[in-house]
Amino acid sequence: MSKEKGRVCETRVRVRYAETDQMGVVYHANYLVWFEIGRVEMLRQLGFSYRDMEQKDDCFIAVVDARCRYKAPARYDDEIIVRTHLKNIRESVIHFGYELVRVLDESVLAEGETTHVVIDKEMKKRSLPEKYMNVFREAAGSSIGSTINKS
């Protein structure tokens, strides 16, 4: 995982048979689904939800870039820890980092990141409301303070 000192939120998922391919390993696109699960759960652990952001504050965080580095295969019935942290926060951009680890042997299966632009329901770029920015800054910790910028 990153050497950053911010909060790391952990979520567990178990590989379902439907997530595997003909070779018995998890289909590559499912790793991005697990990143989303980690991100959504991180927001819950921080005290709010995507739904609240969207419905109460007209604030959406649209994925504009997603990357995944595959390190080892996940297989049916593996229990996976999804570790999610904030890499970078700006007024209208949020960058999350992820690490997927198999519980059984602590193997790192994948690492990745997603970049999100803050938009409203009209798909227009906007600033992240201060109440969310404050929570994200606190969760990010002091070690990335130099990367928390306004856009």
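Guide: Let us begin with a word we need: two residues are in contact when heavy atoms of theirs lie within 4.5 Å. This is a predicted model, in which local features need pLDDT of at least 70 and side-chain atom pairs count only at pLDDT 80 or more, while totals for chains, interfaces and linings use all residues. Residues are numbered from 1 along each chain as its sequence is written, and side-chain values use heavy atoms, with hydrogens and water left out.

Our part is Val 118, which sits in strand β5 (residues 108–119). Helices (H or I, at least four residues) and strands (E, at least two) are DSSP runs, numbered from the N terminus. Val 118 has a relative accessible area of 0%, so this residue counts as buried. The scale is simple: buried means under 20% relative accessible area, exposed over 50%, and partly exposed in between, with a 1.4 Å probe and protein chains only.

Who surrounds Val 118? Beyond its neighbours within four places in sequence, Val 118 is in contact with residues including Cys 59, Phe 60, Ile 61, Ser 92, Val 93 and Leu 128. For Ser 92, 26 residues away along the chain, the C-alpha atom is 4.9 Å from that of Val 118.

Next, follow the strands. β3 (residues 79–90) and β4 (residues 93–102) run antiparallel, joined by nine bridges; strands pair if DSSP finds at least two bridges between them. Two residues separate β3 from β4 in a hairpin. One of the bridged pairs is Arg 83 with Glu 99 of β4. β3 also runs antiparallel to β1 (residues 9–14), through six bridges, and there Thr 11 has Val 82 as its partner.

Leu 128, met above, also belongs to the largest nonpolar core, where it is among the residues with the most contacts, as are Trp 34, Met 53 and Phe 136. Such a core is a set of buried Ala, Val, Leu, Ile, Met, Phe, Trp, Tyr and Cys residues joined through side-chain atoms within 4.5 Å. Met 53 is in contact with Leu 128 and Tyr 132, among others.

Tyr 132 leads us to α3, where Tyr 132, Met 133, Phe 136, Ala 139 and Ala 140 are buried. They lie on the same side of α3, because they cover an arc of only 130 degrees around the axis, taken from the directions from the helix axis to the C-beta atoms. Just after α3, Gly 141 has a positive phi of about 80 degrees.
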